[in-house]
Amino acid sequence: MTYLLFDIDSTLIDSSRSGMGAMLDAGRELFGAGFTTEGIEYAGRLDPLIVHDLLERIGVRPTSEAHAHFRGVYRGHLERRLSAPGVARSLPGVDVLLSRLRGERRVSLGLLTGNYEETGCLKLRASGIDPLWFGVRVWGDESPLWPARRDHLPPIGIERFGALAGRRVDPERVMIIGDTPDDVRCAKVNGCRVLAVATGKFRVDALKDSGADVVLEDLSDVTRVMSILMGG
Ligand SMILES: [Mg+2]
């Protein structure tokens with residue numbers, strides 16, 4: 001059995017940076033035109049930490065109330081942005097890959113993402129991907145620790161795969177598929193394998209240097225990707 005945890009942004013889909021745009025919209029609505037997301041790192045990071053940084057920088061105490069409020073406004077703007085045609089799409093190879101994987105009995109599909117659940121689902125659905133195709137879903141606000149890091153999420157995914165399978169899942173049987181050194185790192189520190197794809201802001205060399213087991217330009221060679229994922 002192979003257990004797969006897919007990152008969302010720049011791995012499965014490209015949403016034309018609508019997440020960043022909607023965070024900027026939310027900040028401007030709540031705090032005025034001076035609000036900026038400039039200098040805030042998004043790739044590979046968890047949404048709660050990004051929002052924490054944004055609130056702190058504008059001088060708002062990042063209480064759970066302030067956070068929840070921002071999250072709700074962000075969701076509204078994201079929904080609006082994603083409703084424009086062509087804004088979100090699956091990346092090359094992804095549709096075929098997912099349909100093949102869903103037909104494989106030896107594969108258990110999962111998501112591991114920095115997105116909040118509701119906004120991650122919005123992005124996927126806008127790209128033609130049903131979040132429920134993935135039996136295990138681990139979202140950006142599920143880290144039990146603070147500051148929240150991606151490294152905290154794979155053990156939650158492994159535990160959920162185990163609950164689905166009714167037996168303990170060996171981390172070595174879990175493969176994480178992502179586009180950033182943070183994805184690679186969260187796999188490695190938890191004993192998982194990792195396939196990195198250069199469909200985000202990081203090139204093949206940078207992903208190799210970060211320690212990925214396999215690096216591909218993208219997921220378009222579905223036969224090859226299947227063989228990597230199935231351990232061939
Ligand atoms: Mg990503």
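In this predicted model, strand 6 (residues 174-178) runs parallel to strand 7 and pairs with it over 4 bridges, and within this pairing Met 175 stands opposite Arg 193 of strand 7.

The pairings of strand 7 can be set out as follows.

| Partner of strand 7 | Sense | Bridges | Residues standing opposite |
|---|---|---|---|
| Strand 6 (residues 174-178) | parallel | 4 bridges | Met 175 and Arg 193 |

Because 5 of the 5 residues of strand 7 (residues 193-197) are buried, the strand is largely enclosed by the rest of the structure. Leaving aside residues up to four places away in sequence, Val 194 touches Met 175, Ile 176 and Gly 178, and also Asp 183, Val 184, Ala 187, Lys 188, Ala 212 and Asp 213.

Helix 8 (residues 204-209) includes Val 204, a residue that counts as partly exposed because it has 14 C-beta neighbours inside 10 Å. Although 11 residues separate Val 204 from Val 215 in sequence, their C-alpha atoms are 6.3 Å apart in space. Beyond residues up to four places away in sequence, Val 204 touches Ala 198, Val 215 and Glu 217.

The largest nonpolar core of the model comprises 62 residues, and those with the most contacts inside it are Val 174, Met 175, Ile 176, Val 194, Leu 195 and Ala 196. Since domain 1 (2-14 + 89-229) and domain 2 (18-82) both give residues to the core, it lies between them.

The domain assignment of the protein gives these two parts, domain 1 (2-14 + 89-229) and domain 2 (18-82), and their centres, taken over C-alpha atoms, are separated by 24 Å. Their contact takes 21 residues from domain 1 and 14 residues from domain 2. On the side of domain 1 that touches domain 2, helix 5 (117-126) and helix 7 (181-188) each supply at least two residues, and the largest share, 5 residues, comes from helix 5. In composition, the residues of this side of domain 1 divide into 6 nonpolar, 7 polar and 8 charged.

Helix 5 itself has Thr 119, Gly 120, Leu 122, Lys 123, Leu 124 and Ala 126 as buried residues. The buried residues of this helix pack against strand 2 (13-14), helix 1 (18-31) and helix 3 (64-82). Following helix 5 comes Gly 128, whose phi is positive, near 80°.

Methods: Residues numbered from 1 in each chain as written. Predicted model: local features only at pLDDT ≥ 70, side-chain atom pairs only at ≥ 80, totals over all residues. Core = buried A, V, L, I, M, F, W, Y, C linked by C-beta atoms within 7 Å. Buried ≥ 20, exposed ≤ 12 C-beta atoms within 10 Å, placed from the backbone. Domains from an automatic or database assignment. Contact = placed C-beta atoms within 7 Å. Nonpolar A, V, L, I, M, F, W, Y, C, P; charged D, E, K, R; others polar. Pairing = 2+ DSSP bridges.
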